[in-house]
Amino acid sequence: MKLVELVNYFRSGGAYEDFCQSQSLNTESEVIEIYMEKPFNLDNSLAFFEIEKTEGKNEYILNGVKYFNLIDFYYFLDSIEESNIDENASLTDNEIAKKIYDYAINDA
């Protein structure tokens with residue numbers, strides 16, 4: 001799943017619990033983290049891991065693949081909530097994904 005697809009899923013009313021179930025993630029986890037392989041690109045696929053597995057590390061290796069932490073799911077969901085109000089509601093899913101990506105990459 002790419003970031004724009006994730007944005008679309010949640011802006012369209014997708015439920016967190018359903019998402020976690022579809023990704024085999026524990027909904028009782030303290031936090032779900034969103035990772036990506038380098039080199040970073042908005043069109044890269046995302047990976048999702050429970051913090052209990054990653055131990056909050058910036059780098060996480062699974063099956064020989066090295067992933068790097070972008071953001072946590074709480075930040076992502078807050079961004080989605082903000083994207084649906086006021087002037088942000090007119091932004092496209094792609095524009096929202098780009099803003100989230102830029103924040104994650106540039107620590108803005």
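The following legends describe close-up views of a predicted model.

**View 1**
Strand E1 (residues 32-36) is joined to E2 by 5 bridges in the antiparallel sense. Within this pairing, Glu 33 has Phe 49 of E2 as its bridge partner.

**View 1**
Phe 73, Phe 76, Ser 79, Ile 80 and Ser 83 are the buried residues of H4. Viewed down the axis of H4, these buried residues fall within an arc of 120°, so they line one face of the helix. An α-helix has 3.6 residues a turn, so residues three or four places apart point the same way. Tyr 74 and Glu 81, in contrast, are exposed on the other side of H4. The packing partners of the buried H4 residues are helix H1 (3-11), helix H2 (16-22), E1, E2, E4 and helix H5 (93-106). At the start of H4, the backbone nitrogen of Tyr 74 has a side-chain oxygen of Asp 72 within 2.8 Å.

In H1, the buried residues are Leu 3, Leu 6, Val 7, Phe 10 and Arg 11. They span an arc of only 125° around the axis, which puts them on the same side of H1. These buried residues pack against H2, E1, E2, H4 and H5. Gly 13 follows H1 and has a positive phi, near 95°.

Arg 11 and Asp 93 form a salt bridge in which the closest N and O atoms are 3.0 Å apart. This pair links distant parts of the chain, with Arg 11 in helix H1 and Asp 93 in helix H5, 82 residues apart. Arg 11 has a relative accessible area of 17% and is therefore buried, the cut-off being under 20%. The model contains 5 salt bridges, one of which is the pair of Arg 11 and Asp 93. Side chains of opposite charge can pair when their charged atoms come close.

**View 2. The hairpin of strands E3 and E4.**
Strands E3 and E4 run antiparallel and are joined by 4 bridges. One of the residues paired here is Leu 62, whose bridge partner in E4 is Val 65. The hairpin has 2 residues between the strands, and Asn 63 takes a positive phi near 55°. Glu 59 also forms a salt bridge with Lys 66, with 3.8 Å between the closest N and O atoms. Glu 59 is partly exposed at 37% relative accessibility, and Lys 66 is likewise partly exposed, with a relative accessible area of 40%.

Ser 29 lies in the loop between H2 and E1 and is buried, at 7% relative accessibility. The side chain of Ser 29 reaches the backbone oxygen of Val 31 at 3.0 Å. Beyond residues up to four places away in sequence, Ser 29 touches Glu 50, Ile 51 and Glu 52. Glu 50 is buried, with a relative accessible area of 7%. Glu 50 forms a salt bridge with Lys 53, and the closest N and O atoms of this pair are 3.4 Å apart.

**View 3. Asn 44 in the loop between E1 and E2.**
The loop between E1 and E2 contains Asn 44. A polar atom of the Asn 44 side chain lies 3.1 Å from the backbone oxygen of Glu 37, and a polar atom of that side chain lies 2.9 Å from the backbone oxygen of Pro 39. With neighbours within four places in sequence left aside, the contacts of Asn 44 are Met 1, Lys 2, Met 36, Glu 37 and Pro 39. Asn 44 and Leu 70 are 26 residues apart along the chain, and 12 Å separates their C-alpha atoms.

Technical notes:
Residues numbered from 1 in each chain as written. Predicted model: local features only at pLDDT ≥ 70, side-chain atom pairs only at ≥ 80, totals over all residues. Heavy atoms only, no water. Pairing = 2+ DSSP bridges. Buried < 20%, exposed > 50% of the residue type's maximum accessible area, 1.4 Å probe, protein only. Arc of directions from axis to C-beta. Contact = heavy atoms within 4.5 Å. Polar contact = N/O pair within 3.5 Å; in protein donor to acceptor, adjacent residues only side chain to side chain. Salt bridge = Lys/Arg side-chain N within 4 Å of Asp/Glu carboxyl O.
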